[in-house]
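Good morning. I will take one model from its overall build down to a few single residues, and I will give the cut-offs as the terms come up.

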Amino acid sequence: KYFQATASAPVNIACIKYWGKRDTKLILPTNSSLSVTLSQDHLRSTTTSRADPSFTEDTIWLNGKLDEIKPGGRLSTCIDAMRRAREEVEDADPKAEKFSQCKVHICSYNNFPTAAGLASSASGFAALVYSLAKLYQLPASPKDLSIIARQGSGSACRSLFGGFVAWREGTAPDGSDSFAEQVAPEIAWSDMHALICVVSDDKKGTSSTAGMQRTVETSTLFEQRKAVVPGRMRAITEAIHKRDFDQFAEITMKDSNSFHAVALDTDPPIFYLNDVSRAIIAIVTEYNRVSLDAGGKRKAAYTFDAGPNAVIYAPKENIKEIVEMIVEYFPQESFKDTFALFGKEDVRG
Ligand code: DP6
């Protein structure tokens with residue numbers, strides 16, 4: 001007899017960026033962050049976990065390829081934590097089925113091309129932890145699961161929730177108060193869309209994990225960033241509750257720029273944006289300027305993670321115009337793929 005469960009988790013894209021750890025083992029951040037979880041029908045990871053008495057080793061396949069589970073590494077931290085939680089259930093209830101000691105086989109797939117250059121660790125670790133919680137029939141809340149997913153990859157803790165999600169940095173040295181929570185559900189602002197412009201599928205460059213620690217160690221600008229983030233967290237939360245896109249856009253773009261500024265202030269410097277990324281910043285800035293000059297409000301917001309791909313947040317009614325503008329400006333070969341997400345349509349192509 002075997003036990004099996006499957007779970008999916010979507011990708012999330014931060015508006016207030018997580019960049020820097022105060023504890024690299026427990027993955028505790030130097031600042032709180034806030035993101036939007038994309039809708040479940042688009043970019044997501046799906047993970048199946050099976051516990052079987054005949055298995056001899058914990059094993060994982062990522063997109064069909066065997067991956068290593070290093071002892072003490074991030075994968076084994078998450079698997080061990082979930083297995084311990086199952087042991088507690090079995091110890092507390094003599095009638096509970098005993099399979100916590102069975103080895104597990106885990107298969108995880110992304111429904112977006114791995115080559116798309118989009119970070120998959122957030123959706124990947126969230127789906128892994130969620131599938132193990134289902135496998136082990138744990139009473140754990142999404143908050144509890146976010147604490148475990150966080151130890152797989154910091155940004156993963158936010159993918160356990162839909163809609164607008166904050167990861168509270170916390171102060172406890174054991175990380176017990178560093179978890180994600182929903183700020184507002186997707187339906188509270190269903191007009192909000194995300195357009196993902198895949199500028200490059202190049203995997204080379206500095207990983208988030210290595211890059212952020214180098215920033216913590218060498219950037220002087222980083223202290224200034226830590227000082228401004230709490231105010232931004234409060235202001236963007238207010239913008240979300242009021243559905244004030246203008247304020248949301250201003251803060252999102254400022255925080256993306258602030259993150260890329262501390263990356264540049266790192267020694268040696270880290271460059272994540274390329275010429276296409278900078279041209280997208282210029283186009284969005286100009287698009288907003290025309291509206292602001294006419295006495296209107298901002299109509300789009302760009303944000304970039306640890307790579308050149310742009311995510312543009314905008315109210316649904318502006319998405320078509322933005323796509324047309326980008327297509328007109330750039331030669332076709334500038335983009336590998338474009339997705340309009342967090343709503344119904346998919347303008348892939
Ligand atoms: C720029 O969560 O990938 O996307 O915790 O080391 O796995 P680790 O880092 P990771 O970093 C994400 C950085 C970011 C900003 C964000 O998502 O908040």
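This is a predicted model: local features need pLDDT of at least 70, side-chain atom pairs count only at pLDDT 80 or more; totals for chains, interfaces and linings use all residues.

Residues are numbered from 1 along each chain as its sequence is written.

First, confidence. pLDDT is the predictor's confidence in each residue, on a scale from 0 to 100. The protein averages 92, and 92% of the residues score at least 70. The model's ipTM is 0.99 and its pTM is 0.94. One stretch to treat with care is residues 341-349, where pLDDT stays under 50. For that stretch the model has 27 contacts beyond four places in sequence. Two residues are in contact if their C-beta atoms, placed from the backbone, lie within 7 Å.

Now the fold. The protein has eight helices and 15 strands. Its radius of gyration is 21 Å, close to the 20 Å that the globule rule gives for 349 residues, so the protein is as compact as a globular protein of that length. That radius is taken over C-alpha atoms, and the rule is 2.2 Å times the number of residues to the power 0.38. Helices (H or I, at least four residues) and strands (E, at least two) are DSSP runs, numbered from the N terminus. Along its principal axes, the C-alpha trace spans about 70 × 40 × 40 Å.

How much of the protein is buried? Buried residues make up 43% of the 349. A residue is buried if 20 or more other C-beta atoms lie within 10 Å of its own, exposed if 12 or fewer, and partly exposed in between, with C-beta atoms placed from the backbone. Of the contacts between residues at least 6 apart in sequence, 72% join residues at least 24 apart.

Next, the ligand. Which residues are closest to the ligand? They are Ala14, Tyr18, Ser153, Gly154 and Ser155, out of 15 residues that surround the ligand. A residue counts as near if its C-beta atom, placed from the backbone, lies within 6 Å of the molecule. By class, the shell has six nonpolar, seven polar and two charged residues. Here Ala, Val, Leu, Ile, Met, Phe, Trp, Tyr, Cys and Pro count as nonpolar, Asp, Glu, Lys and Arg as charged, and the others, Gly among them, as polar.

Helix H2 covers residues 121-135, 15 residues in total. From its first C-alpha to its last, H2 reaches 21 Å, close to the 21 Å expected at 1.5 Å a residue. The expected span is 1.5 Å times one less than the number of residues. H2 is mostly covered, with 13 of its 15 residues buried.

Just after H2 comes glutamine 137, with a positive phi of about 50°. Glutamine 137 lies in the loop between H2 and helix H3 (142-150). It has 13 C-beta neighbours inside 10 Å and counts as partly exposed. Asparagine 63 also has a positive phi of about 50°, although it is not a glycine. Asparagine 63 is in the loop between strand E7 (59-62) and strand E8 (65-67), and is partly exposed, with 14 other C-beta atoms within 10 Å.

Where is there a cis peptide bond? One joins aspartate 267 and proline 268, with omega about -10°. Proline 268 sits in the loop between helix H6 (245-264) and helix H7 (275-293).

Last, two residues and their distances. Is glutamate 169 buried or exposed? With 20 C-beta neighbours inside 10 Å, glutamate 169 counts as buried, and its place is in the loop between strand E10 (163-167) and strand E11 (180-184). Leaving aside neighbours within four places in sequence, glutamate 169 is in contact with Pro29, Asn31, Ser32 and Ser178. Its C-alpha atom is separated by 24 Å from that of alanine 188, 19 residues apart along the chain.

Valine 89 is in helix H1 (residues 74-92). The C-alpha atoms of valine 89 and tyrosine 136 are 47 residues apart along the chain and separated by 8.8 Å. Beyond four places in sequence, valine 89 is in contact with Ala96 and Leu138.
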